[in-house]
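Colleague: Could you take me through this structure, feature by feature, and tell me how each one is to be read?

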Amino acid sequence: MNEILTANTSTQNFTTLKKIKSALISVYYKDNLAPVIHELSRLGVQLYSTGGTKTFIESEGATVTAVEDLTSYPSILGGRVKTLHPKIFGGILARRGNAVDVQETNAFDIPEIDLVIVDLYPFEETVKSAFAAGKSKQEAEGEIIEKIDIGGVSLIRAAAKNFNDVLVVAAREQYDELLALLKEKNGSADVQDRKAFAAKAFNITSDYDTQIFNYFNAEFQLPAFKASYRAGKTLRYGENPHQQSTYFGALEEVFTQLSGKELSYNNLVDVDAAIQLIKEFEEPTFVVIKHTNACGVASRATALDAWKAALAGDPVSAFGGVLITNQPVDKAVAEAVHEIFFEVLLAPEFNEEALAVLKAKKNRILLQTHNLDFPEQQSKSILNGTLVQNSDAKTETAADLKTVTDKQPTEKEIEDLLFANRLVKHLKSNTIVLAKDKQLVGMGCGQTSRVDALKQAILKAQAFGFDLKGAVMASDAFFPFPDCVEIADKAGISAVIQPGGSVRDNESIDYCNRNGMAMVVTGVRHFKH
């Protein structure tokens with residue numbers, strides 16, 4: 001037995017320390033491993049290793065025994081089988097205080113292994129790089145499959161299972177923590193140390209298996225929900241200060257934060273809404289988001305003109321909002337947006353002059369966007385489970401429009417109708433969008449009645465001085481009655497876009513025909529609950 005009994009005299013809580021006498025080290029990444037090797041050598045720990053890791057350990061001047069010498073069995077199948085052997089797993093899984101286990105390890109000359117340092121092949125990274133390199137599907141998949149770790153996962157799980165006796169380190173990010181522990185406790189670890197590392201290890205293996213499952217399931221679409229997250233980012237708080245919150249994901253893949261305070265839960269929710277909407281546009285566009293809803297949107301020839309038009313849509317709601325553009329931000333744009341208070345600004349690029357202007361307010365969050373391609377599936381926690389659906393990736397074009405009225409929409413009206421229809425996808429139902437000259441001039445959203453949504457949109461437009469004559473209206477769902485088109489007509493609206501599909505569609509169509517309005521249907525509903 002290899003135990004040291006210590007007592008904390010203030011609490012009389014006893015902690016059992018186990019001295020680490022032997023360690024198995026087999027890692028893909030060698031970053032920051034050298035200090036750990038030096039400390040283990042200083043402590044006199046017996047080291048076992050394989051292949052490239054063994055070579056690395058020897059290059060650091062440490063003595064190490066090859067796993068092949070311990071098992072008397074070579075690495076086979078091109079390295080697919082190296083550590084899968086009873087002398088390795090017996091040494092990890094043996095319960096030190098169990099008489100039968102001790103008898104068997106002695107009988108078969110199996111050495112105890114007290115520390116396992118193993119990481120996993122970079123599966124997720126290989127998936128990304130293999131296809132990005134332009135390889136054929138067969139070549140890419142061959143490379144990906146070889147990065148499905150077998151021995152590493154098995155070693156980690158075995159060591160974590162036997163945390164009462166074995167300490168497991170399952171990722172290079174934990175080397176500093178291990179080194180601190182070895183120095184603090186002179187090469188020993190107590191059961192809470194080992195259990196904490198075991199919990200992290202199981203988190204890593206579950207994450208790894210999820211990555212692999214999701215890769216295969218992209219082809220077979222099994223009805224399963226598995227989220228793959230390695231480490232969470234603790235946020236200041238949730239929607240409200242009394243709620244705790246953590247973000248799981250890789251924000252660095254989406255954007256780089258150039259300035260400002262830490263992003264909050266609400267910031268991230270609004271940022272997501274902003275990105276989802278800006279992806280709808282190719283021409284220069286500016287969007288203002290408030291509480292996940294767009295309150296200002298415009299497309300123009302330049303980012304500066306787009307900003308001015310977007311802000312004009314609702315300068316009151318823009319206060320404290322999240323702004324996003326699909327264009328680089330220069331000094332002129334920066335000076336224009338600098339005039340109002342906003343929380344976050346996202347853009348694909350900021351020049352130095354723009355940053356100098358915008359950073360004048362130190363809490364203002366500036367995000368430079370990168371990859372805006374997100375998973376096709378969306379999930380939402382609800383009741384005691386999770387809802388999963390494909391994202392609403394449908395964006396209608398002129399070819400998708402079916403004119404159902406005697407009057408055909410003009411080319412300009414079609415532009416505005418398509419612009420407005422992009423927006424209804426991203427506003428809470430029931431929603432109505434009023435647009436003119438590719439500018440959001442009024443919207444009503446989150447209403448229990450479509451009539452109320454339209455009335456809200458008209459009031460907003462009128463409040464900010466917009467002339468609705470010649471404007472267009474978009475609805476996220478069909479009109480069960482002709483009341484909305486009648487109200488829109490009396491406000492000056494000339495053309496309407498809606499999904500269609502009501503058994504009473506003809507009532508709205510007939511009203512449009514009698515009053516010289518154009519109506520197109522898409523056949524696609526865009527509810528957002």
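Predicted model: local features only at pLDDT ≥ 70, side-chain atom pairs only at ≥ 80, totals over all residues.

Colleague: Which residue does the side chain of Arg172 meet in a salt bridge?

Modeller: A salt bridge is taken as a side-chain nitrogen of Lys or Arg within 4 Å of a carboxyl oxygen of Asp or Glu. The side chain of Arg172 pairs in this way with that of Glu173, at 3.9 Å from N to O, and Glu173 is exposed, with 58% relative accessible area. Asp31 joins Arg172 and Glu173 in a network of salt bridges, and by this rule the count comes to 25 salt bridges.

Colleague: How far apart in helix α1 are Arg42 and Glu39?

Modeller: The general idea is that an α-helix has 3.6 residues a turn, so residues three or four places apart point the same way. Helices (H or I, at least four residues) and strands (E, at least two) are DSSP runs, numbered from the N terminus. In helix α1 (residues 34-42), Arg42 and Glu39 are three residues apart and therefore separated by about one helical turn; their side chains form a salt bridge of 2.7 Å, N to O. Arg42 is exposed at 55% relative accessibility, whereas Glu39, at 7%, is buried.

Colleague: Is Asp101, the partner of Arg95 in a salt bridge, buried or exposed?

Modeller: Asp101 counts as buried, at 11% relative accessibility, while Arg95 is partly exposed at 47%. The closest N and O atoms of this salt bridge between Asp101 and Arg95 are 2.7 Å apart.

Colleague: At what angle do helices α6 and α7 pack?

Modeller: Axes are lines fitted to C-alpha atoms, for helices over the stretch in contact, and angles run from 0 to 180 degrees between N-to-C directions. Helix α6 (residues 123-132) and helix α7 (residues 137-145) pack at about 165°, with their axes 9 Å apart. That makes α6 roughly antiparallel to α7, since angles under 35 degrees count as roughly parallel, over 145 as roughly antiparallel, 65 to 115 as roughly perpendicular and the rest as oblique. Contact means heavy atoms within 4.5 Å, and Phe123, Thr126, Val127, Ala130 and Phe131 in α6 meet Lys137, Ala140, Glu143 and Ile144 in α7.

Colleague: How do helices α17 and α18 cross?

Modeller: The axes of helix α17 (residues 450-463) and helix α18 (residues 483-491) come within 9 Å and cross at roughly 15°, which makes α17 roughly parallel to α18. The contact is made by Arg450, Val451, Leu454, Lys455 and Ile458 of α17 together with Asp483, Cys484, Ile487, Ala488 and Ala491 of α18.

Colleague: Which residues of helix α13 are buried, and what covers them?

Modeller: In helix α13 (residues 303-313), the buried residues are Ala303, Ala306, Trp307, Ala309, Ala310, Leu311 and Gly313. What covers them includes strands β12 (285-290), β13 (293-299), β14 (321-325) and β21 (440-444), along with helix α14 (331-337).

How values were computed. Residues numbered from 1 in each chain as written. Heavy atoms only, no water. Buried < 20%, exposed > 50% of the residue type's maximum accessible area, 1.4 Å probe, protein only.
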